[in-house]
Amino acid sequence: MCCPPSTPGAATSEDWVHLVIVACLGLLLAARLRSALRGQRRGFVAVAVIAVVLALANLVEALLPGLFTPWMRVEMALIAVLMVVLAVAARRDLRSWTR
């Protein structure tokens, strides 16, 4: 743990590792989202895949007992919900390409 026990709710080292990973995937998602908005099929596929990976990773991490602080678990659950919505939207747009 990076924080002394006298600071409840403060970010742990696991929280910071999670932050860095999510930030990197967020940058990758933004880059792929730009190509999807330009109408590139590969962009839609990439957005859907990244969104599913982020949703699953956040959901699993949120359910692991004792690893993250409660506020991080809430944040992970919200990100998972947003990524599911994004994956469904990307899949719907991807289906319109095949018609």
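This is a predicted model: local features need pLDDT of at least 70, side-chain atom pairs count only at pLDDT 80 or more; totals for chains, interfaces and linings use all residues.
I count a residue as buried under 20% relative accessible area, as exposed over 50%, and as partly exposed in between, using a 1.4 Å probe and protein chains only. By that rule His18 is buried, because its relative accessible area is 5%.

Residues are numbered from 1 along each chain as its sequence is written, and side-chain values use heavy atoms, with hydrogens and water left out.

**Whole chain**

I looked up the elements first. I take helices (H or I, at least four residues) and strands (E, at least two) as DSSP runs, numbered from the N terminus. The chain has three helices and zero strands. Read from the N terminus, the order is α-α-α.

Of the 99 residues, 29% count as buried. The accessible surface (Shrake-Rupley method, 1.4 Å probe; for residues, only the protein chains shown count as cover) is about 6600 Å² for the chain, and 74% of this belongs to carbon and sulfur atoms.

I then looked at contacts, meaning heavy atoms within 4.5 Å. Among contacts in the chain with a separation of 6 or more, 56% are between residues 24 or more positions apart.

**Helix α1**

α1 has 25 residues and reaches 36 Å from its first C-alpha to its last, close to the 36 Å expected. I list its buried residues as Asp15, His18, Val22, Leu29, Ser35 and Ala36. After α1 comes Gly39, with a positive phi near 95°.

**His18**

His18 is in helix α1. Which residues does His18 contact, leaving aside its neighbours within four places in sequence? I find Asn58, Glu61, Phe68, Met72, Glu75 and Met76.

Next I looked for polar contacts, which are pairs of N or O atoms within 3.5 Å; within protein, one must be able to donate a hydrogen and the other to accept it, and residues adjacent in sequence count only if both atoms are side-chain atoms. The His18 side chain has a polar contact with the side chain of Glu61 at 2.7 Å. It has another with the side chain of Asn58 at 3.4 Å. Asn58 is itself among the buried residues of α2.

Arg32 lies in helix α1, which I record as residues 13-37. Is Arg32 buried or partly exposed? It counts as partly exposed because its relative accessibility is 30%. Leaving aside neighbours within four places in sequence, I find Arg32 in contact with Gly43, Ala46, Val47 and Ile50. From Arg32 to Ala48 I note 9.7 Å, C-alpha to C-alpha, for residues 16 apart in sequence.

Ser35 is also in helix α1. It is buried because its relative accessibility is 0%. The Ser35 side chain reaches the backbone oxygen of Arg32 at 2.8 Å. Not counting residues up to four places away in sequence, Ser35 touches Gln40 and Gly43.

**Helix α2**

α2 has 23 residues, and I note 33 Å from its first C-alpha to its last, close to the 33 Å expected at 1.5 Å a residue. Its buried residues include Gly43, Ala46, Val47 and Ile50, which Arg32 contacts.

I also noted a patch. Like charges are joined within 9 Å, and nonpolar side chains (Val, Leu, Ile, Met, Phe, Trp, Tyr) within 5 Å. Val45, Val49 and Val53 make a nonpolar surface patch of about 220 Å². Of these, I placed Val49 in helix α2, residues 41-63.

**Helix α3**

Met83 is in helix α3. It counts as buried because its relative accessibility is 12%. What does Met83 contact, leaving aside its neighbours within four places in sequence? I find Leu29, Ala51, Leu54 and Ala55.

Val84 counts as partly exposed because its relative accessibility is 44%. I note 6.7 Å between the C-alpha atoms of Val84 and Ala51, which are 33 residues apart in sequence.

Conventions
Patches are made of residues with over 30% relative accessible area and no salt bridge: like charges are joined within 9 Å, nonpolar side chains (Val, Leu, Ile, Met, Phe, Trp, Tyr) within 5 Å. A salt bridge is a side-chain nitrogen of Lys or Arg within 4 Å of a carboxyl oxygen of Asp or Glu. The expected span of a helix is 1.5 Å times one less than its number of residues.
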